[in-house]
Amino acid sequence: RTYEIDEDGSASGAAKAEGVSPSGVVKKGWLEKRGEINTAWKNRFFVLSNDHVLRYYKDEESSRTGKNAGVIELTTGNVAVNKGSVIDSDHPHYFEVSTSARTYVLCAPSGDELNEWIAALGEAGISDESTKKADRSESVSSMASFIASGPLVEVHSGWMKKKGSGGALFGGKMQKRYFVLYDNRELHYFEGSSMENIQRKGRIRMATATELMRVKPDDKKDFTFVIKATGRDWILDPGSQAAWEEWQAKLRPMLG
């Protein structure tokens with residue numbers, strides 16, 4: 001379903017009463033949105049929530065009350081997110097979110113914000129081939145080039161399996177990722193079959209995490225653990241008792 005903000009400022013459909021609790025917010029901020037019929041660009045305040053819905057409002061205050069929301073549901077049909085392929089000198093940081101209903105053209109205020117929105121939408125479970133291409137185009141091509149891009153100090157690293165976000169629709173499969181914990185209290189994860197071709201996919205902000213625990217603490221074969229952070233529970237599997245002990249020793253001091 002898609003609900004649009006009407007010309008008089010009211011919202012159609014069930015979106016009128018919808019708001020997002022602070023704990024459910026994955027990312028929020030101002031974006032420009034291009035109209036479908038009237039193609040003028042307008043500023044809207046967007047909120048991506050952990051129920052896989054992207055809402056937008058005329059102002060930030062409305063986002064707190066749930067008033068006058070336009071709603072883009074990311075759980076229906078094939079959803080894709082792509083960086084804009086056409087050069088627009090007035091909107092260089094635009095991107096597209098395509099659903100079965102329509103394609104939304106949005107523009108971030110900066111390149112950093114553009115990358116953050118694409119990463120956040122990727123974490124919301126948008127994972128078809130178009131998304132993978134967008135991820136590849138904006139991700140770092142190797143560990144070496146990523147480390148060289150900033151003065152971060154590695155605290156701990158290693159391979160673990162990570163459970164995807166969402167339910168059956170988005171797979172929720174455990175996939176192998178390379179994790180690096182940095183001294184800025186961020187746990188970054190990378191995709192790839194070897195150290196030579198890994199690409200950065202996302203990060204877990206440990207400063208927002210409140211708990212770190214084994215899923216089955218008495219199980220001697222299952223070492224899966226959960227990091228409870230703002231907006232999401234991250235489920236990871238280090239694969240062994242020794243690896244779990246190493247990771248928890250490094251991660252626990254980073255908790256917010």
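**Salt bridges**

Author: The structure holds 12 salt bridges, a salt bridge being a side-chain nitrogen of Lys or Arg within 4 Å of a carboxyl oxygen of Asp or Glu. This is a predicted model, in which local features need pLDDT of at least 70 and side-chain atom pairs count only at pLDDT 80 or more, while totals for chains, interfaces and linings use all residues. Residues are numbered from 1 along each chain as its sequence is written, and side-chain values use heavy atoms, with hydrogens and water left out.

One of the bridges joins Glu36 to Arg102, with the closest N and O atoms 3.8 Å apart. These partners come from distant parts of the chain, 66 residues apart: Glu36 sits in the loop between strand S2 (25-34) and strand S3 (41-49), and Arg102 in the loop between strand S7 (94-98) and strand S8 (103-107). Strands here are DSSP runs (E, at least two residues), numbered from the N terminus. Glu36 is exposed at 54% relative accessible area, whereas Arg102 is buried at 10%; buried means under 20%, exposed over 50% and partly exposed in between, with a 1.4 Å probe and protein chains only.

Lys201 pairs with Glu191, the closest N and O atoms being 3.5 Å apart. Lys201 belongs to strand S12 (residues 199-205) and Glu191 to strand S11, so the bridge ties together parts 10 residues apart in sequence. Lys201 is buried, at 19%, and Glu191 is partly exposed, at 31%.

Lys216 and Asp222 also meet in a salt bridge, at 4.0 Å from N to O. Lys216 is partly exposed at 44%, and Asp222 is partly exposed at 22%.

Finally, a network of salt bridges links Lys27, Glu113, Glu116, Glu186 and Arg203.

Conventions:
Helix = DSSP H or I, 4+ residues; strand = E, 2+ residues; numbered from the N terminus.
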